[in-house]
Amino acid sequence: MLLKPPLLSLGLISATALAYEILLMRLFSIIQWHHFAYMIISLALLGYGISGTLVSLLQEFLKRKFHIAYPLFLFFFSVSSVACFLLAQIIPFNPEAIIWDSKQFWHLLSLFLLFSIPFLLVASAICLVFLSYPGQIGKIYAVDLLGAGIGSISIIILLYYLFPISALMIISLIGLVATLIALHETQIKHKEKTVSFFIILTGALVFLILQNQILNISPYKDEAKILNISGTKIIEQQSSPLGLLSIIESKKIPFRHAPGLSLYNTKEPPEQLGLFTDASNMTAITRFPDNLEQLSYLDQLTSALPYHLKEINTLLIVGAGGGSDILQAMFHNTSHIDTVELNPQIIEILSGPFADYSGNIFLQDNVHVYSGDIREFLSRTPHNEKEQYDLIQISLMDSFNASASGLYALNESYLYTVEALQLYLEHLNQDGYLAISRWVKTPPRDTIKMFATAVSALSNTLITEPAKHLMLIRGWQTSTILVKKSPFNSSEVHQLKQFCQTRGFDVAWYPGIKSDEANQLNRFREAYFYQAASALLNQSKKQTPYQFINNYKYYISPASDDKPFFHHFFKWSVLSELISLHKQGGLALVEMGHIVLLATLILAVISSIILILLPLLIFHLRSKSNTRFSLSTIGHLKLFSYFFSIGLAFLFIEIAMMQKFILFLHHPIYAIPVVLSAFMIFAGLGSALTSHILSQWSRRQLLISRT
Amino acid sequence: MKPTTYYPLPSFKAPFFLFLAFSLCITHQAFASPMEDYYMQKRQHMIRLIEQDVHETSQYLDTEALDEKVLKAISTVPRHKFVRPDTIEDAYKNHPLPIGYGQTISQPYIVAIMTDLLKLSTDDKVLEVGTGSGYQAAVLSELVKQVYSIEIITPLGEQAKSRFKTIGYKNITTKIGDGYYGWLEHAPYDAIIVTAAASHIPHALIEQLKAGGRMMIPVGSNFMTQQLLLITKTIDGELQTQQILPVRFVPLTGEH
């Protein structure tokens, strides 16, 4: 056995493993959906768990063969990181069919087990080093965690420069470099040159395979579906940790993207390009027309309401996207437009290669585009500049299909919390409006939850009669809520009625609304929106707002910064009712995010029992007679409980921190690596410190015993 | 040059071919019938399930039962001929199935309700935007005089066209292309069904709908129909929309 542990290769492979874990989250967000991020963490940990069992069962053998086993684990990790992803790309997993198609559960299981393989291999290598150098655990642990911390930050930097598939290639190649270093560190003498050559050859093969590899995006994602139409092609792609942006042109059949358009609209939208983020969430980049009149279709959306209530001079748009809201404001002659866009690459695209196409809208004198998060932008605004906007507008930020099927159910969103709304209100002038547009779903969810959030925000700002400060209208597809700091006046109410009448929109709330005015044109079975609004504003004689929220079959309690799950509408209490209606399509009302997460949890538990606990139990029972090496059952239980509890607590704190840090860092892809690396680096430092303290302590003990 | 000699067919050959053709027919029938019976039974079972579901949801669909003609149409159309070979065994299960190109064949229950809500007559002319597998058009064709169907994805449109020809649907006319402007040549229509995903409802389609006509739009993702949008054009040309949840589910509880 060597005296020094292979620290350099260990640090490097730990960095690679963590980078791989974060990269998988990115890759799965593109080819599938965002909520797979949770699954990746779970399967990485499963791999680590299985490795613990594997190494402990084969410890004597592996320790004897350390100089071969360690580099081999590293080598196979590097190869499997690519191979498993390529294999996973051909598994036709469709989360939407998981409830009625049992094959999907097996597909999910295959994905789950497939991706635990690279983590199993890398964790086995790390475990083996621990096992082989028991006297230097502190140092090894420190290098392992520091490496992991550095890896998780490095991948984010790398993703700014490389497409995810190229980043996968780099990760695999770094893994192979770590293998070469490991060969050197473990001092393999036998055929060293041949083995090194073979590893370099493998690297070349990985390079060749991945060089022309394309991502196999789920055929049910919007981008994949659009590309099936003749005459469509991707004309530009840019990638960053925030998302893969694809710009698609459709030469034969125009896009004509204008969700929420009135049925009475007669104008066709001008030529457009489709801007997709992670192969979904389409927004349109509209070719700037010769005549502004061609943008009149934008006046036929529910979101155009505030422009008809009074003249809007100062506007803040949350999320510039492809620029539709800016065009809407230009159509209404707004003199000052600020817009805040989270993804800097969208700004680059519209200020660079597609600036001419979009009429340089991001470069106009009266348009000011800021890169960053809206809450950070507003918090940075000096106090004396507060209360400046006539209108703050938050339009549809997510696609209907993904939103309606609950694929965002578990996404944190600090955009729609009570605290966020209060912040927006602070930045309105006294007669300014906050306009929020959402999709209309059947049964209603988003709009009602948004309305409840607005009521809470108004109440928190000490407004005694929120009913006088709110308006709600809807078409068949979208709704718009207006919140005003001062009460709406009769002129505004008159304008609202006229706006809705000419466009065929329904009024669901305005100060003084009568029940028979609601639900007239776009009819639901009952006047759900009006009933909800009046109950939430405590205008209903039958139910208090609290009772209404409790009784409603969807979770419509306002989201807060402590519970930032605006897209979470599902109540477990109605699951059995929806299951009983599954033949009529009742399960469409269950949010898929929950179902996939539940399926993942079930898989994780079953896999952990079968692959981690069961082998250990069998081994324990077999070696029970060998009392020299086995602890007592109580001892085992204590050991198990100790590590189980510490692991559970660690993860609980880590995941909670990740969610909380999204508020400060604005996106999970920043929050996750920052929290991960902070936890890893400081745990590593703690480990190094502990080993130092322990060695000091044992030296002191030795001195005491000698004296 | 040696003259070519043509020999007439021996006289026994004509009855032989007749016999062969007859035998083949019999054999085909012998094999085809059990399969057709098998699928017929499955279809009948599916119809019973749909009836049961509609009965349970009747209060919410404003109808006690589906129109007999709609049920008959669904029980006539061989759904298994509209699905991919790998999903043929699931053809009569009450859920959507993938048909390739990111598209699906709708859940039979939803097809039944959508067709019923269009309130069709035998003389009607129907426009379908989004042919897909062609199943919905086939069901409609059993009920109306003429169906016009437009598909945007070329391979799907071609498959559907050849399917209609093979099965023998003569009153379905298809074309591949853009459905945004409807199909002016054959307008106006008594009913329009838009199964293609659209960010809004084009004005041309509303224009091409007859006064008193109905337009049906299923809303949701491919596998999950969230709601049905029914647009009615009144005699005066006014538009009324109804958001229909095809499920017996009331979100509000308590008194309002």
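Biologist: Into which domains is chain A divided?

Modeller: In this predicted model, chain A is divided into domain 1, made of 7–217 + 601–704, and domain 2, made of 306–487 + 505–568. The centres of domain 1 of chain A and domain 2 of chain A, taken over C-alpha atoms, are separated by 42 Å.

Biologist: How should I read the radius of gyration of chain A, given its 707 residues?

Modeller: One sets the value beside that of a compact globule with 707 residues, which would be near 27 Å; chain A has 29 Å, and this agrees. Along the principal axes, the C-alpha atoms of chain A fill a box of roughly 90 × 60 × 55 Å, and 52% of the 707 residues of chain A count as buried.

Biologist: Which parts of chain B supply the side that touches chain A?

Modeller: An interface can be read by counting its residues and then asking which elements carry them. Here 46 residues of chain B are in contact with 51 residues of chain A, and α1 (13–61), α3 (108–117), α6 (203–207), β8 (225–233) and β9 (239–244) of chain B each supply at least two residues of that side of chain B. The largest share, five residues, comes from β9(B). By class, this side of chain B has 20 nonpolar, 22 polar and four charged residues.

Biologist: Which strand of chain A is joined to β9(B), and do the two run parallel or antiparallel?

Modeller: Strand β13 (residues 522–523) of chain A is joined to β9(B) by two bridges, and the strands run parallel; within β9(B), B:Gln242 is the bridge partner of A:Arg523.

Key: Residues numbered from 1 in each chain as written. Chains lettered and ligands numbered in written order. Predicted model: local features only at pLDDT ≥ 70, side-chain atom pairs only at ≥ 80, totals over all residues. Contact = placed C-beta atoms within 7 Å. Helix = DSSP H or I, 4+ residues; strand = E, 2+ residues; numbered from the N terminus. Nonpolar A, V, L, I, M, F, W, Y, C, P; charged D, E, K, R; others polar. Pairing = 2+ DSSP bridges. Domains from an automatic or database assignment. Rg over C-alpha atoms; globule rule 2.2 N^0.38 Å. Buried ≥ 20, exposed ≤ 12 C-beta atoms within 10 Å, placed from the backbone.
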